Amino acid sequence: MTRSIGSADLAPAKYAFEIRAEGLEVTVGRRRKAVDGMDLALGTGVHGMLGPNGAGKTTLIRTLATVLHPSGGTLELFGTPLRALADKRELRRRIGYLPQEFGYYKRFTVREFVEYMAWLKEVPGKEVPGAVQRAVERVGLADRADHRLKTLSGGMVRRAGIAQAIVNDPRILLLDEPTVGLDPAQRLRFRELLQQLGLDCCVVVSTHLVEDVAAACTDVVLVAEGRLVFQGSPDELAAAGGPEHVGDSPIERGYSALLAPHSGDRGAW
Ligand SMILES: Nc1ncnc2c1ncn2[C@@H]1O[C@H](COP(=O)(O)OP(=O)(O)OP(=O)(O)O)[C@@H](O)[C@H]1O
């Protein structure tokens, strides 16, 4: 893979972790703390974020993408503390983000869509065609690059979404439920892509698919009630469970064991 070199790459890295949060709080709606005292330190690698519905995963990812602003605690991206009035443009150039639901013009072709996002990310003009072609190839859409998005399947549109998230060669890549709508073969390809990306990027993937985490992640981040419950390798997560815990695989049993104290009154669901 070729990567364009910018001033940020040449500057000495003064940070140990691309993402670091202490006591992070994010308020949504009127007063709901969807993230409520989160401590997090994430460096290069693939971090799989797991947690039950409503745990705060999307809110956290939107905050890391600088879309939402923290209401308490501290958040550092690339060693830079995020402040309310800070210019976020420089940070956003180095971040890739695939939201759970993303908007696009259906009449755009895949190439036009990814080009447009490259332009928003301020990729230098002369680098755009090559960057777009690489991103589209990496998600296996080269033969559809000039097809309009409205003619593609849901899984292909999601792959176009992944292409726009990586077009600027981000150093932090945030993917919210990226495998929704992908068929089993595409999911296997996607896991390989994640592993490649994680070699020189801090990738955070929110998912409900425990098997994706086991297969493609170097690190698991388990979130419940807006807080970090566990961080460790997939093997360490698996080791937390036993035969008495619910699940079809060791890693699912580990997940159930660690979440049991946080299951509240959700009952059978
Ligand atoms: N704009 C909002 N207004 C009010 N409450 C919100 C808002 N956004 C999120 N919430 C609440 O905050 C909590 C965390 O939501 P979030 O979407 O971050 O969870 P999640 O872990 O991504 O869930 P899921 O796995 O279902 O996608 C939930 O209880 C949700 O209802």
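How many residues of domain 1 are in contact with how many residues of domain 2? Here 14 residues of domain 1 touch 11 residues of domain 2, where a contact means that the C-beta atoms, placed from the backbone, lie within 7 Å.

## Before we dig in

This is a predicted model: local features need pLDDT of at least 70, side-chain atom pairs count only at pLDDT 80 or more, and totals for chains, interfaces and linings use all residues. Residues are numbered from 1 along each chain as its sequence is written.

The protein chain splits into domain 1 (16–94 + 170–231) and domain 2 (104–168), with bounds from an automatic or database domain assignment. Their C-alpha centres sit 22 Å apart.

Now for the side of domain 1 that touches domain 2. Helix H3 (89–93), S7 and helix H7 (184–197) each give two or more residues to that side, and H7 has the largest share, with 4 residues. (Helices, H or I with at least four residues, and strands, E with at least two, are DSSP runs numbered from the N terminus.) By type, that side of domain 1 has 8 nonpolar, 2 polar and 4 charged residues. Ala, Val, Leu, Ile, Met, Phe, Trp, Tyr, Cys and Pro count as nonpolar, Asp, Glu, Lys and Arg as charged, and the others, Gly among them, as polar.

## A strand covered on both faces

In a regular strand the side chains alternate between the two faces of the sheet. Take strand S6 (residues 95–98): Ile 95 and Tyr 97 are buried on one side, and Gly 96 and Leu 98 are buried on the other. Buried means that 20 or more other C-beta atoms lie within 10 Å of a residue's own, with C-beta atoms placed from the backbone.

S6 runs parallel to strand S7 (residues 172–176), and 4 bridges join them. Strands pair if DSSP finds at least two bridges between them. Gly 96, for instance, has Leu 173 of S7 as its bridge partner.

## Around the ligand

The residues surrounding the ligand include Val 28, Arg 32, Asn 53, Lys 57 and Thr 58; such a residue has its C-beta atom, placed from the backbone, within 6 Å of the molecule. Strand S2 (32–42) and helix H2 (57–64) each supply at least two residues of this shell, and H2 gives the most, with 3 residues. The shell divides into 3 nonpolar, 7 polar and 2 charged residues.

H2 is largely enclosed by the rest of the structure, because 7 of its 8 residues are buried. Among them are Lys 57, Thr 59 and Leu 60. Just after H2, Thr 66 takes a positive phi of about 65°.

Terms used:
Buried ≥ 20, exposed ≤ 12 C-beta atoms within 10 Å, placed from the backbone. Contact = placed C-beta atoms within 7 Å.
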